[in-house]
Amino acid sequence: MTCEHALTARLTLPSSSTPVYKEECTQCFDNQDTAEGVDVCLSCFNGGCPAGPYNHAHQHSMKSGHYLTLNIRRTAKASSDSDERPAKLTKLEIREDSGADEFEYHTFVRCWGCSGARVESGLENIEPTVQAVIHAVEASKGHEIKAWAEEVTACQHFDELSGQAPRDGFSLDTLHQCSTCDKRENLWLCLTCGNVGCGRRQYDGSGGNNHGISHYEATGHCVSVKLGTITPEGTADAYCYTCDDNKMDPHLAAHLKVFGINVAAQQKTEKSIAELQLDQNLKFDFSMTTADGAKLEPVAGPGLTGLKNLGNSCYMASVLQCVFGIDRFRDRYFPTAADHFATCTQANPAQCLLCQLHKLAAGLWSGRYANLETDSEGRPAHQAGIAPSTFKAAVAKDHYEFSTMRQQDAFEFLLHLEKQVDVVERSVNSGNSNPNKVFDFTTEERLQCLGCQKVRYRVEPARSVSLPVIKRPLDAGFAPVSLAECLDVMTAKEAIDGYQCPECERPTQAVKSTRFASFPKVLAVQVRRFELVNWVPEKLDISVQVPLSEVSLEAYRARGVQPGEEPLPESDDIPNPAVASQQQPVVDEEVVSQLEAMGFPRVRCVKAVSKTGNCGAEAAMTWIFEHMDDPDIDVPEVVAQSESLEAVNPVAVEQLAAMGFARDRVERELRNAGGDAERALDRLLSIPDDEADVAMESVAEPTVDDSQSRNSAFELTGFVSHKGSSVHCGHYIASVRHGSGADSKWFMFNDSKVVAQGEPQPEQAYVYFFTRLD
């Protein structure tokens, strides 16, 4: 049918930088392969499922007033009966896989303003946008491609290109086929004479026929551009045969104009080199076997949904499986997903982190996407899993490390995830629903001067602990250690030489120790398995014996001020607990975490980052080595409260206040951070409002929640293991315990593969999650 909405529609084309969500719904994991396909909004290019149980496409249309959508559905083609075996793979190659050989695509335009009725095809005011959507790069892949793409620069051969002239017989009609053979894809235009040559032949006979490079060898014309990758913004894949490398043509529009090609009128129709490289990286796979090589049986169901590897995303997948295995996280985002989607005011669900948290929780726990496949012999095979692409783009937005496709540290990602959840949850119910609260506890730091024997106590908020491992070398490797031994080292007394005692009024010796003032519902523990060897972090292969049964932390509970102890007087040289929250140095917590992961004590890490002006881990690490023998290296850094009343950036104030922070706190932390909004946010998140605004008198005993003070018994409910020798490479997997007590079962998550794990092996884990037994 032809409706009024279609006839009067004024649509714009998506540019090469416009995200087009055409492969998957932005609010659930229904995709082109489901029975109803995906509806792409022709106004804002949001992707939505067009049928039950969610029908997010209709919901988006009614909320936005965007009625016209393009439905895209694909079906698998019948497999070939050919017995021909593929050629042996002798090297990694970049080959285009458009999916045309495997799938058939079905599209039509519908109008939700007319109850989802189909719209007549070919309308001149709609068809250009339809074709642009069909040929656009899927938004999630766009983020990945940007992260994978190597740094491409210009070269002198493009800058100095001269003597351009179309060869004899050239016309725009000749651009659709290789000038030497009948190839019509992967065509390269010589920017000197306009010759069109096909790409290189692959080792198995696929690809082109080498006519592009043959033209260069015959003529010396070294610069070319790939037809089909040219965008209206003036970008395209360019190649210099002399440099033998991908290059950028800064004068592309002018060079193409010689051949009558108007860049502004071009639309991208083929995959770029970066896109093809991404496709290849996603094909890497890992086996799922026990230590003795026996295959583990795949499982699937609610809470047993795998996460596809997006390319070095195993660090994220392993943490997410453990975190969403926690009841508080599951209950916060899974049952409330439909309500949130119905009321969310964000125009683009893909860029709303709360939407993506709800989407991920529903995807993992609904069981809708956890379906075992079958192999060629009809036996159960691993599930396909869900791809957390939109979640990764939202949670890692603008982050200098997590937004890339490089391997990252799983514990650092956990800290980053907690921070991002804190930010978005402050806008909901004043943060009272924040699931991060399960990680909250307090530590008690006790400091005693050995000269006057007087003491000072300080209680600080925390969300995790970092345990050292004890190195006991053997002839081959290291002797195993127990979890209790690691906790003993963490809570042991630490000597401080050259302590400036306010009572003795001279440098003395002191001892410091840290214990649990309260216990969290879930205790996150990092084991520092990496040490610095010749300035390179290397992994310590030390087994940590962790009980699968009950673990008691009662021996590490803080006791507060004991009878007969006298408090140290307050001093300008020593942090006053009453204003500790304002005197702590403002440092980059991510850099501090990196240094702690290398085995340095936190006090040294904080001091190094502060002394080097937050200039990064390398500068801070150098400072630590240079000041290792300083007598006050282990004395906490004190930064005097700034008395400056200089005006702060009102835009930053509004942005932070909009997150739910009190305006006076925002202005104070911005001044302390020198106007740096990111550093101010770290401080605002790290100190609860009541602790920041209420001055604490000398701490006689830690004030803790009764439920947290009663029980110190925990059991292991999840852990993240790292396979590999370096923090910069290897592979992460997760093990998660479902249920409790004798009825509990363990499952292993290796990206999209999920198996029952009869005998979990936590000895080599990197991050542990212990749940309190209440």
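A disulfide here is a pair of cysteine sulfur atoms within 2.5 Å. Across the whole structure, the search finds zero disulfides.

Cys 190 counts as buried, at 4% relative accessibility. Cys 344 is buried as well, with a relative accessible area of 12%. Buried means under 20% relative accessible area, exposed over 50%, and partly exposed in between (1.4 Å probe, protein chains only).

## Basis of the model

This is a predicted model: local features need pLDDT of at least 70, side-chain atom pairs count only at pLDDT 80 or more, and totals for chains, interfaces and linings use all residues. Residues are numbered from 1 along each chain as its sequence is written, and side-chain values use heavy atoms, with hydrogens and water left out.

Strand β8 spans residues 223–226. Helices (H or I, at least four residues) and strands (E, at least two) are DSSP runs, numbered from the N terminus. In a regular strand, side chains alternate between the two faces of the sheet. In β8, Val 223 and Val 225 point one way, Ser 224 and Lys 226 the other, and all are buried.

β8 pairs with strand β6 (residues 187–190) in the antiparallel sense, over three bridges. Two strands pair if DSSP finds at least two bridges between them. Strand β9 (residues 238–240) also runs antiparallel to β8, joined by three bridges. Ser 224 takes part on both sides: Ser 224 is the bridge partner of Cys 190, and Ser 224 stands opposite Tyr 239 in β9.

## His 211 in helix α6

His 211 belongs to helix α6 (residues 211–219). At 18% relative accessibility, His 211 counts as buried. Beyond its neighbours within four places in sequence, His 211 is in contact (heavy atoms within 4.5 Å) with Cys 178, Thr 180, Cys 181, Gly 197, Cys 198 and Gly 199.

## Asp 409 in a loop

Asp 409 sits in the loop between α13 (389–395) and α14 (410–425). Asp 409 is buried, at 5% relative accessibility. Its side chain reaches the backbone nitrogen of Glu 412 at 2.9 Å.

A polar contact of 2.6 Å links the side chains of Asp 409 and Tyr 766. A polar contact is a pair of N or O atoms within 3.5 Å; within protein, one must be able to donate a hydrogen and the other to accept it, and residues adjacent in sequence count only if both atoms are side-chain atoms. The C-alpha atoms of Asp 409 and Tyr 732 are separated by 9.4 Å, with the residues 323 apart along the chain.
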